[in-house]
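Please read these notes with the sequence and the model open beside you. They are meant for a first careful look.

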Amino acid sequence: MTDARWMGAALGLSERSRGRTAPNPNVGCVLVRDGRVVGRGWTQPGGRPHAEAMALAQAGEKSRGATCYVTLEPCAHLSPRGPACADLLATAGVGRVVIALGDPDPRTNGAGAARLREAGIDVVEGIAEAPARAAMAGFFARQARRRPFVTLKLATSLDGGIALASGESRWITGPEARAHAHLERARHEAILVGRRTWEIDRPSLDVRLLGLEARSPRRLVLSSQGDLARPADIAGLEGVDHLLVEGGAETAAAFLREGVVDRLLLYRAPVLIGGGKPALADIGLTDLAAAHGRWRLSDTRMLGSDRLEVYASN
């Protein structure tokens with residue numbers, strides 16, 4: 001296998017802990033020796049052990065001379081919670097380290113790779129950089145923008161409705177789309193709705209997938225008397241690097257007006273409502289030309305009879 005394919009395996013492992021490692025990044029690591037995997041690791045809940053430490057513990061003596069594929073530069077700073085991963089790799093005697101992305105944390109930021117090279121280890125950087133950045137989007141959003149990575153979820157009819165005029169909204173989408181939405185919940189530390197949605201619907205906002213119930217996110221309400229008074233307050237959320245915004249129309253519009261939505265999840269059901277409640281309130285758009293170029297389609301798929309479209313912010 002090529003470096004890119006082994007890094008793909010490490011990226012897959014990193015996704016296992018997305019939404020559970022904040023403030024640490026969800027890193028994945030694979031140790032390969034003689035063309036075979038001898039150790040696998042991913043950042044554990046709460047941020048420790050790190051992915052490299054887990055992979056090295058699994059590999060034991062087989063790590064000597066192995067190639068380490070890791071999605072983020074191994075840390076170089078000492079911590080009361082554990083040793084620096086760059087030192088662990090050097091002590092284990094790995095022969096080569098392939099890194100997807102440098103760590104923007106000033107305590108490491110190049111120092112991890114430099115320490116490995118000083119130990120005589122061959123270091124390769126920049127393999128699968130874009131998918132690694134996407135996999136650790138929450139960590140990079142917190143580092144660069146000092147706030148969580150925000151995903152806005154909308155489930156609508158073909159004509160953009162989220163409910164009948166009476167307010168009835170269960171269910172617009174089918175079971176496959178709803179299951180996918182619950183999987184998305186499991187990948188976020190927190191989930192947020194507006195005050196009216198909370199008071200009228202009393203949504204459980206949990207994960208109802210067999211085996212993933214324990215990964216239900218922290219519940220938040222946007223309101224002057226709730227957890228957050230305005231979208232800008234998300235910057236102060238501790239232990240939250242991935243925030244899922246689920247409703248309703250006013251809350252969704254507020255986050256869009258503030259310009260803090262990084263990703264859109266649009267579940268579209270093959271139904272027409274007509275005269276129902278729209279998915280969005282006013283988002284402050286005064287010029288139609290300004291609406292273009294804001295979003296880029298990154299994924300689309302069928303979920304039963306419903307279509308999912310995923311858009312990334314440009």
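How much area do domain 1 and domain 2 bury between them?

1. Domain 1 and domain 2 bury about 1000 Å² between them, and 44% of it lies on carbon and sulfur atoms; buried area here is the accessible area (1.4 Å probe) that two parts lose on being put together, summed over both.

2. This is a predicted model, in which local features need pLDDT of at least 70 and side-chain atom pairs count only at pLDDT 80 or more, while totals for chains, interfaces and linings use all residues. Residues are numbered from 1 along each chain as its sequence is written, and side-chain values use heavy atoms, with hydrogens and water left out.

3. The chain is divided into domain 1 (3-139) and domain 2 (147-313), with bounds that come from an automatic or database domain assignment. To the contact (heavy atoms within 4.5 Å), domain 1 gives 14 residues and domain 2 gives ten residues. The centres of the two domains, taken over C-alpha atoms, are 33 Å apart.

4. Across the interface of domain 1 and domain 2 the rule finds one salt bridge, a term that stands for a side-chain nitrogen of Lys or Arg within 4 Å of a carboxyl oxygen of Asp or Glu. The side chains of Arg 187 and Glu 15 meet in a salt bridge, at 2.8 Å from N to O.

5. A search of the whole structure finds zero disulfides (pairs of cysteine sulfur atoms within 2.5 Å). Cys 68 is in no disulfide, and the nearest cysteine sulfur, that of Cys 29, is 3.6 Å away. Cys 68 is buried, with a relative accessible area of 0%, where buried means under 20%, exposed over 50%, and partly exposed in between (1.4 Å probe, protein chains only).
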